[in-house]
Amino acid sequence: MVFEAVHYTYASGVEALRDVNIEFRDGEIVALMGENGSGKTTLLKHMNGLLKPTKGRVLVDGVDTAKTSVAQVSMKVGLVFQNAEDMFFESSVYDEMAFALKNFGFTEEKIRRRIEWALKFFELEEYENTSPFLLSGGEKKRLAMAIIMAWSPPVICLDEPTIGQDSLQKEKMMHMIKMLNSQGRTVVLASHDVEFIAELKPRVVLLSAGEVLADGPCEEVLTDMRLLERASLTPPQVVALLKRLEDLGVDYRVLDVEGAVEKILKVIRK
Ligand SMILES: Nc1ncnc2c1ncn2[C@@H]1O[C@H](COP(=O)(O)OP(=O)(O)O)[C@@H](O)[C@H]1O
Ligand SMILES: [Mg+2]
């Protein structure tokens, strides 16, 4: 998947993406980070062809998304919206899940098997005949994931997967992302949850006002104080703490508690 000099301007005149060049490699986990309004959601919507560049190109498996249908691109790239409800319009969980599968032309038998598997995996079996709108917030989020996983696309895009989730749900989300990735899938997530990303340790693409400010390993981007400031992101707590100890000679470029303890002990023991 490649973004080539992508610009996107909304009808209102807002320039949401400016000269974005990114290559997503198969099997990677990539986090799009940046403050509210930096263009993360707009970028994700370009990945499955929901939005087409005003200028530039997005290629999915070598195919220009502007020259193919959203359904075609969606087979390869599944996007889970930030607000799960925006994805729902059917009157039962089963029908909601069946909708896209029918569109893709799967047989009735295959549709039933896929749905049963996904409902079980996301612990939603008991809601098969319930309206999606009656589920709790966490269940809606799981249903949104289940809908996408039912057709098992090789690329999965998650928009702010941790917003409104408690710590147990966040842990499950972390586990899920790692599992999807270990199955060889590419996962792209938009998030401004620095602590979650610091734990996941993906490649980070930092956005600010629609432009790519940085693109590199999490350990580099999330420990670069000047960069984080330019992107209006607060550093992970571990980095902020170590930074305060920098005068003592402590190296602050570490994202996890164990690593931080090691760096501090190294100085104390000197
Ligand atoms: N449907 C829309 N119409 C007009 N402007 C929009 C629309 N959606 C987003 N924007 C604007 O585009 C910019 C990027 O928004 P968005 O991609 O949602 O950022 P993020 O997901 O990082 O918060 C913001 O200035 C936002 O106000
Ligand atoms: Mg957003």
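1. **Ground rules.** This is a predicted model: local features need pLDDT of at least 70, side-chain atom pairs count only at pLDDT 80 or more, and totals for chains, interfaces and linings use all residues. Residues are numbered from 1 along each chain as its sequence is written, while chains are lettered from A and ligands numbered from 1 in the order in which they are written.

2. **Overall build.** The protein has 11 helices and 10 strands. Helices (H or I, at least four residues) and strands (E, at least two) are DSSP runs, numbered from the N terminus. The radius of gyration is 20 Å, close to the 18 Å that the globule rule gives for 270 residues, so the protein is as compact as a globular protein of that length. That radius is taken over C-alpha atoms, and the globule rule is 2.2 Å times the number of residues to the power 0.38. Along the principal axes, the C-alpha atoms fill a box of roughly 70 × 45 × 30 Å.

3. **α4 on α5.** Helix α4 (residues 108-121) and helix α5 (residues 137-151) have axes that come within 9 Å and cross at roughly 140°. Axes are lines fitted to C-alpha atoms, for helices over the stretch in contact, and angles run from 0 to 180 degrees between N-to-C directions. The two helices are therefore oblique to each other. (Angles under 35 degrees count as roughly parallel, over 145 as roughly antiparallel, 65 to 115 as roughly perpendicular and the rest as oblique.) From α4, Arg-114, Ile-115, Ala-118 and Leu-119 make the contact with Ala-146, Met-149 and Ala-150 of α5. Contact means C-beta atoms, placed from the backbone, within 7 Å. The contact residues are 6 nonpolar, no polar and 1 charged. Here Ala, Val, Leu, Ile, Met, Phe, Trp, Tyr, Cys and Pro count as nonpolar, Asp, Glu, Lys and Arg as charged, and the others, Gly among them, as polar.

4. **α3 on α4.** Helix α3 (residues 93-103) packs on α4 at an angle of about 130°, with the axes 10 Å apart. This pair is therefore oblique too. Tyr-94, Met-97, Ala-98, Leu-101 and Lys-102 of α3 meet Ile-111, Arg-114, Ile-115 and Ala-118 of α4. That contact has 7 nonpolar, no polar and 2 charged residues.

5. **α3 on α5.** These axes come within 9 Å and cross at roughly 35°. α3 brings Val-93, Glu-96, Met-97, Ala-100 and Leu-101, and α5 brings Leu-143, Ala-146, Ile-147, Ala-150 and Trp-151.

6. **Ligand 1.** Residues around ligand 1 include Tyr-10, Asn-36, Lys-40 and Thr-41. A residue is near if its C-beta atom, placed from the backbone, lies within 6 Å. The shell has 3 nonpolar, 8 polar and 1 charged residues. Helix α1 (residues 40-47) gives the most to it, with 3 residues.

Definitions and conventions. Two residues are in contact if their C-beta atoms, placed from the backbone, lie within 7 Å.
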